[in-house]
Amino acid sequence: MIKTDGLKKVYTTEDMETTALASVNLKIDQGEFVAIMGPSGCGKSTLLNVLGLLDNPTAGEYHFLDQEVSAYSERQRANLRKANIGFVFQSFNLIDELTVYENVELPLLYLGVPSRERKARVLEVLDQMAIAHRKGHFPQHLSGGQQQRVAVARAVVAKPQLILADEPTGNLDSIHGDEVMKILAGLHEDGATIVIVTHAPQYADYGTRLIHLLDGHVVTENLKGKATA
């Protein structure tokens, strides 16, 4: 599903040049649950943004679904992204002016899904996330755990092939964090490919593979307890 070769991301200002990713070689197969860990500033979120087609790399190759996408335009990235990738962010990123139902419905509107099918899919995923009873509420009237369940529902309602989660438990207490991780684990069991960035070892343990980043490099990978440099 994902393959990178010499992936590099450099941010340049008038005063300095910062290398966020330095020659990252990575392969993620369909159906994997990959956890990415590392200290703050090591390039985790940058890597997720590039993998999620939110940003282009400075150099190197990125193959997604057998397409070399590293030089895609924003429009090309957006078209590929909206049909294949779901995002879950630490800050929820829900729209305050929209109800729970409307927030979850939004990706289907972008895809032009007919009204009757939209309704069925939104209600199905809200029920799956145990948040259907709040479908008419606005985000500010929900707890943090409930907001993140809505964010997960929005990420998966279009049935994407890839779910990217950037510190999805970062703003939650341990009880609600555990709930969100169990939801992601259930989605993985149902066949979703998941890549999660986390600082918490207990949540990284949900993954089938663990990748450690340091200074923009992949320094170790761990598959079922077997580490490789």
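**Pockets, a cavity and a buried threonine**

Me: Which helix gives the most to the lining of the second largest pocket?
Reply: Helix 4, which spans residues 115-128, gives the most to that lining, with four residues. The model is a predicted one, and the second largest pocket holds about 330 Å³ of space. Of the 15 residues that line the second largest pocket, the closest to its centre are Gln-128, Val-156, Lys-159, Pro-160 and Leu-187.

Me: What makes up the lining of the second largest pocket by class?
Reply: The lining has seven nonpolar, four polar and four charged residues. Lys-159 is among the residues closest to the centre of this pocket, and Lys counts as charged, whereas Val, Pro and Leu count as nonpolar.

Me: How do you know which elements line the largest pocket?
Reply: The largest pocket has a volume of about 460 Å³, and of the 17 residues that line it, the closest to its centre are Ile-85, Phe-87, Pro-107, Tyr-110 and Arg-154. Helix 2 (74-84), strand 6 (85-89), helix 3 (100-110) and helix 5 (144-156) are the elements that give two or more residues to this lining. Strand 6 gives the most, with four residues, and by class the lining has 12 nonpolar, two polar and three charged residues.

Me: Why is the space lined by Leu-48, Asn-49, Leu-54, Phe-87, Phe-89, Leu-164 and Asp-166 called a cavity?
Reply: The term applies because a 1.4 Å probe fits at its points but cannot get out. The structure holds one cavity of 30 Å³ or more, and about 40 Å³ of space lies in the largest cavity. Helix 1 (44-51), strand 6 and strand 7 (162-166) each supply at least two residues of its lining, which divides into five nonpolar, one polar and one charged.

Me: Why is Thr-193 called buried?
Reply: Thr-193 is called buried because its relative accessible area is 0%, and the term covers values under 20%. Thr-193 has its place in strand 8, residues 193-197.

Me: What does the side chain of Thr-193 reach at 2.6 Å?
Reply: The side chain of Thr-193 reaches the backbone nitrogen of Gly-31 at 2.6 Å, a value to be set against the 3.5 Å limit for a polar contact. Leaving aside neighbours within four places in sequence, the residues in contact with Thr-193 include Met-1, Ile-28, Gly-31, Gln-161 and Ile-163.

Me: How many of the residues score at least 70 in pLDDT?
Reply: A pLDDT of at least 70 is reached by 97% of the residues, and the protein averages 92. Over residues 225-229 the pLDDT is below 50, and this stretch has eight contacts in the model beyond near neighbours in sequence.

Note on methods
Residues numbered from 1 in each chain as written. Predicted model: local features only at pLDDT ≥ 70, side-chain atom pairs only at ≥ 80, totals over all residues. Heavy atoms only, no water. 1 Å grid on protein atoms, 1.4 Å probe; cavity = no way out; pocket = protein on both sides within 12 Å on 5 of 7 lines; lining within 4 Å. Points joined across faces, edges and corners; volume = space filled by probe spheres on them. Buried < 20%, exposed > 50% of the residue type's maximum accessible area, 1.4 Å probe, protein only. Polar contact = N/O pair within 3.5 Å; in protein donor to acceptor, adjacent residues only side chain to side chain. Contact = heavy atoms within 4.5 Å. pLDDT = per-residue confidence, 0-100.
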